[in-house]
Amino acid sequence: LLIPRLRLLQGLSKAVVDGTGKIGQFQDSLSEEILGDKIEVVLLGMRNGAVYFDNSKGGLVCKSSDGITNMEGVVCSSCPYGQYHAIRWGKGEEPPKCSSTKEFICVTRETLKGKEQRPIVVSFLKTSYKQGRKIASIARLSGRDIFAASYLITSETVKNTKGTFSVMEVKQNGWLTPEEFKAAEGWFNTIGENHVDSRLKR
């Protein structure tokens with residue numbers, strides 16, 4: 001099953017350049033459908049990882065699905081580009097090329113209501129990484145199943161010396177109804193269980 005990713009549109013995104021989308025809106029990476037400026041999702045699973053992008057080298061250089069070994073089997077902790085070395089880098093030094101990621105397997109709440117069929121992967125890295133940690137912490141501290149609540153994802157426009165860009169903002173948006181919970185449990189058993197952190201299991 002190829003699950004689409006939730007894409008946050010930036011100024012140079014194809015959809016923004018061709019006028020079909022706006023900066024700060026969300027897009028389905030497979031269908032390229034514009035999903036609007038907010039999306040409500042239910043978590044099915046979570047995994048930690050790492051990714052190294054370099055546009056001068058064609059984009060994706062390296063990726064780890066668990067933050068332990070990369071796609072070629074090399075141990076991440078021994079990588080000179082990894083986020084693990086950031087603690088040794090001081091002010092004014094180059095930041096790590098490889099970024100930690102938190103990746104969530106989700107379905108939209110509209111899927112649980114039977115209005116659509118949209119499993120989707122939501123990834124948090126770089127400027128949005130703290131939001132990923134926030135979701136994981138809320139889910140762990142709830143003491144309930146990972147799929148018991150919904151989360152509202154919106155975006156915020158940020159300006160700094162590097163330009164203007166959008167970052168994700170997330171908040172818990174309430175508990176599911178019994179009917180939604182049953183539907184979410186079915187999705188969890190289908191695609192989420194193999195990706196969930198053991199500490200999030202009931």
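Which residues form one aromatic cluster? I found that Phe147, Phe181 and Phe188 do.

I note that the model is predicted, that local features need pLDDT of at least 70 and side-chain atom pairs pLDDT 80 or more, and that totals for chains, interfaces and linings use all residues. Residues are numbered from 1 along each chain as its sequence is written, and side-chain values use heavy atoms, with hydrogens and water left out.

I looked up the aromatic pairs and found three in the structure. Rings of Phe, Tyr and Trp (its six-membered ring) pair if their centres lie within 6.5 Å; planes under 30 degrees apart count as stacked, over 60 as edge-to-face and the rest as tilted.

I examined Phe147 with Phe181: the pair is tilted, at 5.0 Å centre to centre and 45° between the planes. Phe147 lies in the loop between helix H3 (129–142) and strand S8 (149–160) and Phe181 in helix H4 (residues 178–192), so the pair ties together parts 34 residues apart in sequence. Helices (H or I, at least four residues) and strands (E, at least two) are DSSP runs, numbered from the N terminus.

I then checked accessibility. Phe147 counts as buried at 2% relative accessibility, and Phe181 as partly exposed at 24%. Buried means under 20% relative accessible area, exposed over 50%, and partly exposed in between (1.4 Å probe, protein chains only).

I turned next to Phe147 with Phe188. Their ring centres are 5.1 Å apart and their planes stand at 45°, so this pair is tilted. The pair links the loop between H3 and S8 to helix H4, 41 residues apart. Both Phe147 and Phe188 are buried.
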